[in-house]
Amino acid sequence: MKTVVTTAYRPTSSIMEWAERISTELSLQQVARNKRSIEKMHAEESADLLICLKERLEFYPMGKTEPFFFHPNSAAFRTKRPIEQDPLIAVSRLEPGDIFLDCTLGLASDSLVASQRVGESGRVIGCESHPILAYVVQQGLNHYHGMPHLLAAMKRIEVVSTDAISYLKKRESKSIDVIYMDPMFTEEIIESSNFSALRGPADRSQLTEQWVREAKRVARKTVVLKAHFRSQDFEQFGFVRRVRPNTKFHYGVISMTQENDY
């Protein structure tokens with residue numbers, strides 16, 4: 001599916017210039033909005049829409065009327081609590097100065113929490129296989145100003161537009177401290193409305209033996225899986241399940257050290 005770049009209903013000169021820059025940078029066609037609705041543009045352009053607004057980019061896949069756009073999501077409140085007590089941080093044993101790989105970046109909420117934890121001396125890398133989603137998130141991380149306490153953490157996240165397995169294959173063994181996997185749930189969590197716009201374009205790949213094998217080769221400390229509480233992936237792929245009562249998802253861990261404290 002092709003993607004075209006357009007603007008808000010009544011674009012300013014700066015928005016027009018921004019759309020032109022994005023069109024050039026991504027080698028995408030730029031089309032005039034002409035006050036058309038999202039539905040009409042989808043029908044007439046037969047394309048996904050990347051829309052430049054005053055303060056953010058919005059991505060509308062074909063058939064979707066709700067946009068994908070960057071915002072800190074759950075990281076906004078998770079990072080205001082003691083960071084070492086966050087379930088992901090606790091289960092992964094992530095420490096300041098570590099390298100964290102998020103295999104399924106999404107809105108980068110988990111990566112933001114990880115970035116807050118690893119600090120200036122650490123590194124966070126996020127894989128996103130869909131190039132437009134990767135671009136929207138990277139732009140958001142670079143330009144979002146709504147959460148001052150997260151600005152430094154946002155700037156530390158490196159977005160890589162590739163699938164996780166391809167990225168892992170290029171890494172040396174034992175070169176990343178924590179590798180995190182959060183594939184699209186096979187059972188949709190109704191409450192997760194933030195991800196409704198992602199259901200079409202996002203990589204829906206499920207966990208595979210190859211993915212887990214490469215992650216175990218590259219990880220120094222832990223490989224962490226987040227999945228629906230009904231998922232059998234924990235047991236199938238050798239993760240020790242961390243049950244979280246009254247939640248729709250659990251974490252699972254494969255420890256690459258001798259610490260078996262789960």
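A: Let's start with a term: helices here are DSSP runs of at least four residues, numbered from the N terminus. Keep in mind that this is a predicted model.

Q: How many helices and strands does the chain have?

A: The chain has 10 helices and 11 strands.

Q: And how do I read a pocket?

A: Rolling a probe the size of a water molecule over the atoms shows where empty space is left. In this model, the second largest pocket has a volume of about 340 Å³. It is lined by 14 residues, and those closest to its centre are Glu 55, Arg 56, Leu 57, His 143 and Tyr 144.

Q: Which helix gives the most to the lining of the second largest pocket?

A: That's helix 6, residues 131–143, which puts in 4 residues. Sorted by class, the lining holds 6 nonpolar, 5 polar and 3 charged residues.

Q: How many disulfides does a search of the whole structure find?

A: It finds 0. Take Cys 127: the nearest cysteine sulfur belongs to Cys 103 and sits 5.9 Å away. A disulfide needs the two sulfur atoms within 2.5 Å, so Cys 127 is in no disulfide.

Q: Is Cys 127 buried or exposed?

A: Buried means under 20% relative accessible area. Cys 127 has 2%, so Cys 127 counts as buried. Cys 52 is buried too, at 0%.

Q: What share of the chain do buried residues make up?

A: Buried residues are 53% of the 262 in the chain. As for the accessible surface, it comes to about 12,500 Å², with 49% belonging to carbon and sulfur atoms.

Methods: Residues are numbered from 1 along each chain as its sequence is written. This is a predicted model: local features need pLDDT of at least 70, side-chain atom pairs count only at pLDDT 80 or more; totals for chains, interfaces and linings use all residues. Side-chain values use heavy atoms; hydrogens and water are left out. On a 1 Å grid over the protein atoms alone, a cavity is a set of points where a 1.4 Å probe fits but cannot get out, and a pocket is an open set with protein on both sides within 12 Å along at least five of seven lines; lining residues have an atom within 4 Å of a point. Grid points are joined across faces, edges and corners, and a volume is the space filled by probe spheres set on the points. Helices (H or I, at least four residues) and strands (E, at least two) are DSSP runs, numbered from the N terminus. Ala, Val, Leu, Ile, Met, Phe, Trp, Tyr, Cys and Pro count as nonpolar, Asp, Glu, Lys and Arg as charged, and the others, Gly among them, as polar. Buried means under 20% relative accessible area, exposed over 50%, partly exposed in between (1.4 Å probe, protein chains only). Accessible areas come from the Shrake-Rupley method with a 1.4 Å probe; for residues, only the protein chains shown count as cover.
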